[in-house]
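Subject: Structure for you to look at

Hello,

Please find the structure below. My notes on what was found in it come after.

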Amino acid sequence: MSTPRARPLADLLRLFVGPGLWFAHLAVLYGAEALICTPPLASGRAMTWIASAATILVLGVLALFGAALVRQPPPADRSEEHTAAAFLHATALLLAVLSALGVVWTASPVALLPVCASPAG
Amino acid sequence: MTDTSQRRLASHPNKLPRPKGELEALEAAWELPKGWRILSAVNNTVIGYFYVGAAVLFFLLAGILALLMRLQLAVPSNTFLSAETYNQIFTMHGTVMMFLFAVPVVEAMGVLLLPQMLGARDLPFPRLSAFAFWAYFVGGLIFFGTLFFDLAPSGGWFMYPPLTGTQYSPGLGADFWLLGIGFIEISAIAGAIELIIGVLRTRAPGMTLDRMPMFAWTLLIFAGMIVFAFPAVILATMLLELERALGWPFFIPQKGGDALLWQHLFWFFGHPEVYIIFLPAAGMVSMIVPTMARTPLVGYRLIAVALIATGFFSFGLWVHHMFTTGIPALSLSFFSAASMAVALPSGIQVFSWIATIAAGRLRWSTPSLFVLGFLFIFTLGGLTGVMVAMVPFDWQAHDTYFVVAHFHYVLVGGMVFPLFAAFYYWAPAFSRRALSERLGKITFWLMFAGFNVAFFPMHISGLMGMPRRVYTYPAVMEWGVLNMISTIGAFLFAAGVLIFLVDVVRNLRPTVSQPIGNIWNGPSLEWMHNHVYGPRSVPLVESRDPLWDQPGLSEESKAGRHYLPGTVTGVRETMLTSPIEAIPEALLRLPGAGWTPILAAVLTAGFFMLLTVKATVPALLSGVLAVTAILIWMWESDPRPLARAEIGHGIKVPTYVSGPISHSWWAMVVLLLVAGALYLSYAFSYLYLWTVSPQVWPRPEQLPPIVWPLMSAALLAASSGFIFLISRVLPGGFRNNAAFVVLTALALIALVGGLGMEILAHWRAGLRPDADAHAAMVYMASFLQLDLVLALVVMAAFVIARRLAGLLNRRRRVVYDNLSLLWHYTVAQGLLGLLLVHGFPRLQ
């Protein structure tokens with residue numbers, strides 16, 4: 001094998017960008033709902049705006065991250081030696097796609113349900 | 001760095017025949033203690049046997065409790081058990097199954113299988129495994145023993161306050177749960193660190209991440225999830241115990257606390273816990289299915305993606321255990337959506353297994369039957385899971401037997417059936433005889449039929465409105481008939497387990513050197529010839545299924561043609577490889593048998609248990625002795641650097657490494673992640689209680705003057721600065737004893753001073769921790785900081801002692817590196833705490 005890869009930790013951590021953003025998005029939506037609706041600090045409209053902004057922002061970052069991965073393919077010239085790098089690359093991309101689906105899915109209640117409604121609906 | 005950067009790894013690095021005496025030296029280095037001294041063994045095979053055995057023992061004990069419950073519920077208005085005894089039994093059944101069986105047995109299988117599967121000689125921290133096992137075993141036995149003294153907890157396995165607060169649970173039962181479980185969590189985290197570093201750093205050369213056995217992937221994710229999930233419940237247990245012991249009102253609404261905080265923290269752990277248990281079991285299935293279907297696993301990459309996604313998604317589901325607590329409807333929908341989304345990655349795995357079975361020709365063996373049973377039961381559990389993920393349905397089914405049926409389908413189907421498949425599948429790798437196929441099939445059919453007979457009717461009794469956790473019920477509707485059927489099923493299931501035990505007694509002959517071996521024609525490395533030291537020589541792995549794609553591997557390895565065919569330094573060793581590409585980076589010298597891990601574990605258990613019965617002085621004594629035992633053990637842990645060692649093919653690797661190449665550095669980083677997760681849980685709790693009770697938060701003018709936190713922050717920053725000076729700036733830092741000692745002492749004084757000023761500031765401002773939830777949270781920040789500061793005091797004294805003994809210098813510095821990592825983290829945590837406690841109230 002030739003040169004050992006220089007940034008093993010960074011390569012590993014890239015896997016978690018997508019799922020991490022998904023979790024951050026969920027936390028923001030849940031936190032905003034708790035702050036805005038439980039002791040009412042603002043209107044339900046504010047909740048809709050915050051949720052939309054967070055969703056668009058996270059989807060945008062995921063798209064940029066995915067585009068960066070697509071633009072920088074793994075070292076193909078030494079693919080025999082760097083199968084793991086190619087594997088991590090593809091896995092990170094797939095996870096980003098799955099996370100984007102998760103973000104849309106998690107945000108969908110904001111579009112479909114009344115915001116700041118009581119538990120009984 | 002290493003010579004491997006200049007040389008290609010070769011598949012046959014060594015020539016035959018091997019020099020005389022090489023094998024004998026290897027065997028001598030790995031020789032096990034004889035007779036009762038085997039208790040001092042630390043290598044993964046022996047500890048793995050103990051660990052699996054202990055976990056199965058707890059499975060049997062908790063199973064007996066289940067049978068007692070089923071006897072009580074067999075007929076309406078039964079008086080076999082009293083209400084209090086029943087409460088203790090169902091609490092212990094759940095707690096023991098989850099904390100003393102499910103998580104430990106998975107760690108145990110990891111300890112036993114992982115090194116063999118990865119082509120390593122042992123795990124990277126053998127004594128830590130031994131400590132984790134003994135702590136769990138001794139603590140678990142004492143915890144279970146409380147049942148016989150009417151001291152067992154009775155608040156249910158999730159221990160909701162206010163039922164478990166001092167007002168409604170005045171006895172010691174809840175304390176045994178809180179301290180006992182808190183301490184078993186420590187053991188789980190120790191195991192998780194071991195497994196993460198084991199998977200990432202001790203794989204055979206060439207076993208890149210994409211060639212790693214799927215079981216290793218699942219253990220990696222399992223351990224990663226423990227690192228982030230367990231701290232939440234550790235914090236929760238600390239809060240509740242502090243409330244019970246000292247009256248800090250975290251969960252008492254009259255003082256601004258909130259019982260729901262417990263539920264958030266518990267389920268932030270508790271939901272991932274389900275996947276913590278399930279994922280490794282899925283990993284076992286991913287190993288068994290290809291062997292039994294005689295074809296490679298279909299969708300390897302998709303499964304890896306699904307595992308990581310499941311791991312993450314499982315952290316966004318916790319609120320679905322709290323659908324009926326009055327949380328706003330939209331929030332419920334977020335978690336309802338996430339709960340349905342997790343079915344996606346789980347589905348990917350199920351379809352991959354089905355596709356693998358379809359692609360090959362399935363051998364109808366006992367492991368195959370258990371896998372098919374798993375697929376059937378787990379899928380049903382998954383479907384009812386999607387049902388209870390729907391909020392309106394959950395409101396109907398909540399706290400009924402429907403939920404009991406659902407989670408037993410998920411947990412027994414998703415974990416116990418794969419585990420039994422694994423017992424039958426891997427027994428030949430560790431035993432002189434395989435388990436009986438005939439008895440195995442009887443076991444399977446009894447367990448499969450018994451399980452469905454026991455739990456399927458619970459869906460119906462639940463839908464008919466029968467609540468869970470009742471010690472008896474009136475003769476209404478068909479509850480009596482359904483419960484009688486469930487009881488019969490439970491005994492059928494138990495009969496299956498009994499036959500398994502007969503099989504084990506008759507056929508299991510554990511061995512560390514002459515297992516019957518690869519009777520299934522499995523493709524992974526644990527099926528090579530095996531010894532207590534793993535393979536004789538470590539092969540270069542060139543595919544995902546090395547034994548299928550690299551013929552003759554086992555024989556060549558046994559002859560010593562591969563890497564590291566003996567011991568270079570005369571002691572136990574394993575190869576340290578890079579985390580992604582598995583390139584050899586160093587030779588790791590491993591410790592042999594010793595008494596300090598078991599001693600430290602028993603004394604740690606003593607500390608927690610004596611503390612529970614309020615024997616403070618003996619508890620402290622036990623704690624001090626435990627730390628002493630750990631220090632003695634650590635004294636030998638940073639061995640003297642030796643010359644580079646040749647592992648074959650002229651490749652030489654260092655025998656001593658420090659910094660980011662060292663396995664110890666990685667372990668410390670993982671530990672810091674644990675500490676960070678704990679502190680984030682604390683910050684969440686602080687902010688959460690503020691949203692519930694903003695009225696108990698002070699106005700800015702009631703806070704201590706700003707100069708106090710600023711001085712605290714300055715002291716903390718200075719202490720980090722002193723530590724930095726030693727390593728980076730001061731040229732004589734490691735040569736000059738006096739300068740070293742003075743700087744470390746100054747750093748320590750600044751650190752302790754910073755914490756002291758913070759506590760004093762609040763005390764002088766008239767704040768008392770038992771006054772209200774805000775005050776309790778403020779002191780909690782200092783309490784968490786105090787834990788780390790105490791650890792640093794001990795570690796700093798240790799580092800100074802090693803420096804004075806001449807065991808610490810510019811090169812031999814792992815002990816110092818670890819100290820400095822923890823130190824800077826502690827300072828960062830302290831600064832964050834100051835910002836939160838003094839900054840947040842000023843925002844209002």
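A:Leu69 sits in helix 3 of chain A, which covers residues 44–71. Please keep in mind that this is a predicted model.

Start with that leucine. Is A:Leu69 buried or exposed? A:Leu69 has a relative accessibility of 3%, so it counts as buried, since buried means under 20%. Leaving aside residues up to four places away in sequence, A:Leu69 touches A:Arg14, A:His89, A:Ala92 and A:Leu93. A:Tyr30 is 39 residues from A:Leu69 along the chain, and the C-alpha atoms of the two are 30 Å apart.

Now to chain B. How many helices and strands does chain B have? There are 24 helices and 4 strands in chain B. Along the principal axes, the C-alpha atoms of chain B fill a box of roughly 75 × 70 × 50 Å.

Of the 844 residues in chain B, 64% count as buried. If you take the contacts in chain B between residues at least 6 apart in sequence, 81% of them join residues at least 24 apart.

Last, the surface and the charges. Chain B has an accessible surface of about 29,000 Å², and carbon and sulfur atoms account for 70% of that. Chain B carries 49 positive and 40 negative side chains, with the centres of the two sets 9 Å apart.

Regards

Technical notes
Residues are numbered from 1 along each chain as its sequence is written. Chains are lettered from A and ligands numbered from 1 in the order in which they are written. This is a predicted model: local features need pLDDT of at least 70, side-chain atom pairs count only at pLDDT 80 or more; totals for chains, interfaces and linings use all residues. Side-chain values use heavy atoms; hydrogens and water are left out. Helices (H or I, at least four residues) and strands (E, at least two) are DSSP runs, numbered from the N terminus. Buried means under 20% relative accessible area, exposed over 50%, partly exposed in between (1.4 Å probe, protein chains only). Contact means heavy atoms within 4.5 Å. Accessible areas come from the Shrake-Rupley method with a 1.4 Å probe; for residues, only the protein chains shown count as cover. Lys and Arg count as positive and Asp and Glu as negative; His and the chain ends are not counted. The place of a charge is taken as NZ of Lys, CZ of Arg, CG of Asp or CD of Glu.
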